[in-house]
Amino acid sequence: MDKTGTAARRRRLVVKIGSSTLTTSESSIDYGFLDDLAAQLAAVRDAGWDVVVVTSAAIACGLEALGIPKRPTDMPSLQAAASVGQSALSTAYSQAFGARDMLTSVVLLTRRDTADRTAYLHARDTLNRLLELSVVPVVNENDTVSVEQIRFGDNDTLAALVACLVDANLVVILSDIDGMYTANPQSDPSAALIPEIDRIGREVLAAAGGAGSTVGSGGMITKIKAARVLMAAGIPMVICHGRRPNCIVDAAAGQSVGTLFVAPERPHEISAKKLWIALGDSTRGTVTVDGGARDALVRHGSSLLAVGVRGVEGSFEYDDIVDVADETGHVFGRGRASVGSDLLELAIGRSREEMEANSLLALLADRPVIHRDELVLFE
């Protein structure tokens, strides 16, 4: 009980499992790994944690069941494989976890389910209720109906979204690599494991390579981008090798396993609205700002005004989500645009007075391009 007499909420852990970790070299379910996973999560739950699993491998499992040796490239075949594979994957989780008295549920999401704020909040309420009922939600992207416009594209992003939805205390990413390295260890023998990262700047992003395994769709860069948002939300994240013995139990106990992305103390509460902006929808473009505007946003908590904009990339409308980058191309924020790209491009290079004198641009003289209440900063 806390001081008010209310039962204290259990800590919450989100575990993301990549396809290469969950499957054998033949892309079939590794039932031995699943059994060990269930044992670890049972131990973690006994230690006072509620757990959400974000899983991959539905397509890989479906291809095996259908006897298709090579991953197809056409969307109908991939979605058919996901449909078949999701059933096998759900059954495998249910049996492995059920053997340790853990009840699982299946939660399938697409960006369509989270791009709308109302749907986002419904997803949050459902996950919270499942945890209150002592269920282990097993979350996956709904590959059966996803198309490019509504795909998360990788389950690292999905895991970060789920962690924000349930206000997790820790995220553990199980991968086929020990953690974040100073360079790609496959091509650079001098690459060293980084045990702890407290800020994601250009150097960290540059060190992250492309996708590694051909089984999955993510890579180190997607994990870094997920960590960037989680750190802004005050949620630490660990990347470790999924086959490391007892890795989840050790990470939950605060021991060093792989790379820990430290979440700094939040100077103020980050609203659910901002988290939804950061992760709940895909970006439609990028707004590049000058040094003065960057300083005003990062150091002074200002809104972004049109006079600070130096470039516009992509086509976006009012209310769309856009990235905010400095003049080197480094993305340091994300927000909801209050003006379309066509109009904003006309304002580039103009002073406030010039905009006021132009009937088309007058509204941009004082109106924020992105209001600070709808802007998430990653550093």
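## Exercises on a predicted model

In strand β8, Phe261 is the bridge partner of Ile197, and the exercises below start from this pair in what is a predicted model.

**Exercise 1.** Find which residues of helix α12 are buried, and explain why they lie on the same side of α12.

*Solution.* In helix α12, which covers residues 291–300, the buried residues are Ala293, Arg294 and Leu297. They lie on the same side of α12 because they cover an arc of only 100 degrees around the axis. The cover over these buried residues includes β9 (285–289), β11 (321–325), β12 (331–336) and β13 (375–377), whereas Gly292, Arg299 and His300, on the other side of α12, are exposed.

**Exercise 2.** Describe what is found at the start of α12 and what follows α12.

*Solution.* At the start of α12, the backbone nitrogen of Gly292 has a side-chain oxygen of Asp290 within 3.2 Å. After α12 comes Gly301, which has a positive phi, near 65 degrees.

**Exercise 3.** Locate the kink in α4.

*Solution.* Helix α4 consists of 24 residues, 75–98, and its kink, of about 25 degrees, is centred on Gly85. Gly85 is itself buried, as are other residues of α4, including Leu78, Leu89 and Phe97.

Note on methods. Residues are numbered from 1 along each chain as its sequence is written. This is a predicted model: local features need pLDDT of at least 70, side-chain atom pairs count only at pLDDT 80 or more; totals for chains, interfaces and linings use all residues. Side-chain values use heavy atoms; hydrogens and water are left out. Helices (H or I, at least four residues) and strands (E, at least two) are DSSP runs, numbered from the N terminus. The expected span of a helix is 1.5 Å times one less than its number of residues. The bend at a residue is the angle between axes fitted to the seven residues ending there and the seven starting there. Buried means under 20% relative accessible area, exposed over 50%, partly exposed in between (1.4 Å probe, protein chains only). The arc is that of the directions from the helix axis to the C-beta atoms. Contact means heavy atoms within 4.5 Å. A polar contact is a pair of N or O atoms within 3.5 Å; within protein, one must be able to donate a hydrogen and the other to accept it, and residues adjacent in sequence count only if both atoms are side-chain atoms. Two strands pair if DSSP finds at least two bridges between them.
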